[in-house]
Amino acid sequence: MERKTRKVGIMGGTFDPIHIGHLILGETAYEQLSLDEVWFLPAGNPPHKQNRKGRASDEQRVEMVRRAIASNPHFRLSLIEMNADGYTYTYRTLERLQKEHPDTSFFFIIGADSLFDFHEWKNPSRICAAANLVVATRNQVSANRLDQAIEENTKRFGGTFLKLDSPNLDISSRNIREMIAEKRSVKYYLTDPVIDFIAEHQIYKDKEQEDGTV
Ligand code: ATP
Ligand code: MG
């Protein structure tokens, strides 16, 4: 087996837009797991989900991530999940990363909501084989319920699930999109460069449809 000399955290998401919940999550994982770097991987949208009303384009989401992380020397942007056909599966991305970086162990960082959906993702056991899973609390989930979900997923899919010691941050991109459409202030929820970019390009000024699909 190759010797792993580097530890990299992976933050996947739609980042529509990237908010301080994502940034604090990445920074907490960096600190608590002594990571060398955290890579942000904006997910490509499948063609039928591009240019939806009230949402940012793929290019705009990427640009917002770039601006949000620019001031952090151990955060990086990776475009590995952005491609012409849109969507990529997490297990494929992680397996590709593993192959391309044999010296690196990967830590896939998720919020509790993603952990609760995890069994519905494509090939969860291959995700677990390619990376350690790192989970942060969200939506005021109880410690018991989180521990139980971690135990179930460990049993079912193998692999290692680590829990971060992080505050519950009641903040979501969906909520922020709504606030912007209602012309409410999002200062301190987003970084200033992201707020300026959204204003400049008038993103999220239209309300998205209730189910968020459009
Ligand atoms: P949306 O409301 O559009 O679903 P979101 O705020 O959930 O957006 P995503 O891009 O879907 O953001 O999330 C990417 C990852 O970051 C997911 O694993 C999600 O669980 C995690 N995450 C996002 N916001 C938080 C938060 N406030 N606390 C903990 N984890 C979070
Ligand atoms: Mg989400």
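This is a predicted model: local features need pLDDT of at least 70, side-chain atom pairs count only at pLDDT 80 or more; totals for chains, interfaces and linings use all residues.

User: Is Asn 139 buried or exposed?

Analyst: The cut-off for exposed is over 50% relative accessible area. Asn 139 has a relative accessible area of 52%. Therefore Asn 139 counts as exposed.

User: Which residues does Asn 139 touch, not counting those up to four places away in sequence?

Analyst: Contact here means heavy atoms within 4.5 Å. With residues up to four places away in sequence left out, Asn 139 touches Asp 113, Asn 168 and Asp 170.

User: How far apart in space are Asn 139 and Ser 71, C-alpha to C-alpha?

Analyst: In sequence, Asn 139 and Ser 71 are 68 residues apart. In space, their C-alpha to C-alpha distance is 28 Å.

User: Where is Arg 52, and how far in space is it from Glu 208?

Analyst: Arg 52 sits in the loop between β2 (37-42) and α2. Along the sequence, 156 residues separate Arg 52 and Glu 208. From C-alpha to C-alpha, Arg 52 and Glu 208 are apart by 8.0 Å.

User: Is Arg 52 buried or exposed, and which backbone oxygen does its side chain reach?

Analyst: Buried means under 20% relative accessible area. Arg 52 has 10%, so Arg 52 is buried. At 2.7 Å, its side chain reaches the backbone oxygen of Lys 49.

User: What does the side chain of Thr 104 make a polar contact with?

Analyst: Thr 104 is placed in strand β4. Thr 104 is buried, with a relative accessible area of 1%. Thr 104 touches Lys 4, Arg 6 and Val 8, not counting residues up to four places away in sequence. Its side chain makes a polar contact, at 3.0 Å, with the side chain of Arg 6.

User: Which residues come nearest to ligand 1?

Analyst: There are 19 residues around ligand 1. By class, this shell has five nonpolar, 10 polar and four charged residues. Those that come nearest are His 19, Asp 113, Ser 114, Ser 173 and Arg 174.

User: At what distances do polar atoms of His 19, Ser 173 and Arg 174 lie from oxygen atoms of ligand 1?

Analyst: For His 19, a polar side-chain atom lies 2.9 Å from an oxygen atom of ligand 1. For Ser 173, a polar backbone atom is 2.8 Å from an oxygen atom of the ligand. For Arg 174, a polar backbone atom is at a distance from a ligand oxygen atom of 2.9 Å.

User: How much of the accessible area of ligand 1 does the protein cover?

Analyst: On its own, ligand 1 has 600 Å² of accessible area. The protein covers 87%.

User: Which element gives the largest share of the shell around ligand 1?

Analyst: The elements that give two or more residues are β1 (6-13), α1 (20-32), β4 (104-111), α4 (112-117) and α7. The largest share is three residues, and it comes from α7.

User: Where is His 19, and which backbone nitrogen lies 3.0 Å from its side chain?

Analyst: His 19 is in the loop between β1 and α1. His 19 is buried, with a relative accessible area of 3%. Among the residues that His 19 touches are Ser 173 and Ile 176.

User: What do the buried residues of α7 pack against?

Analyst: The buried residues of α7 are Ser 173, Ile 176, Arg 177, Met 179, Ile 180 and Ala 181. Just after α7, Lys 183 takes a positive phi of about 60 degrees. The buried residues of α7 pack against α1 and α8.

User: Why do the buried residues of α8 line one face of the helix?

Analyst: Helix α8 (residues 192-201) has the buried residues Val 194, Phe 197 and Ile 198. Seen down the axis of α8, these fall within one arc, so they line one face. That arc is 95 degrees.

User: Which exposed residues are on the face of α8 turned away from its buried side?

Analyst: What covers the buried residues of α8 includes α2 (58-69) and α7 (173-181). The face turned away from the buried side carries the exposed residues Ala 199 and Glu 200.

Terms used
Residues are numbered from 1 along each chain as its sequence is written. Chains are lettered from A and ligands numbered from 1 in the order in which they are written. Side-chain values use heavy atoms; hydrogens and water are left out. Buried means under 20% relative accessible area, exposed over 50%, partly exposed in between (1.4 Å probe, protein chains only). Helices (H or I, at least four residues) and strands (E, at least two) are DSSP runs, numbered from the N terminus. The arc is that of the directions from the helix axis to the C-beta atoms. A residue is near a molecule or strand if one of its heavy atoms lies within 4 Å of it. A polar contact is a pair of N or O atoms within 3.5 Å; within protein, one must be able to donate a hydrogen and the other to accept it, and residues adjacent in sequence count only if both atoms are side-chain atoms. Accessible areas come from the Shrake-Rupley method with a 1.4 Å probe; for residues, only the protein chains shown count as cover. Ala, Val, Leu, Ile, Met, Phe, Trp, Tyr, Cys and Pro count as nonpolar, Asp, Glu, Lys and Arg as charged, and the others, Gly among them, as polar.
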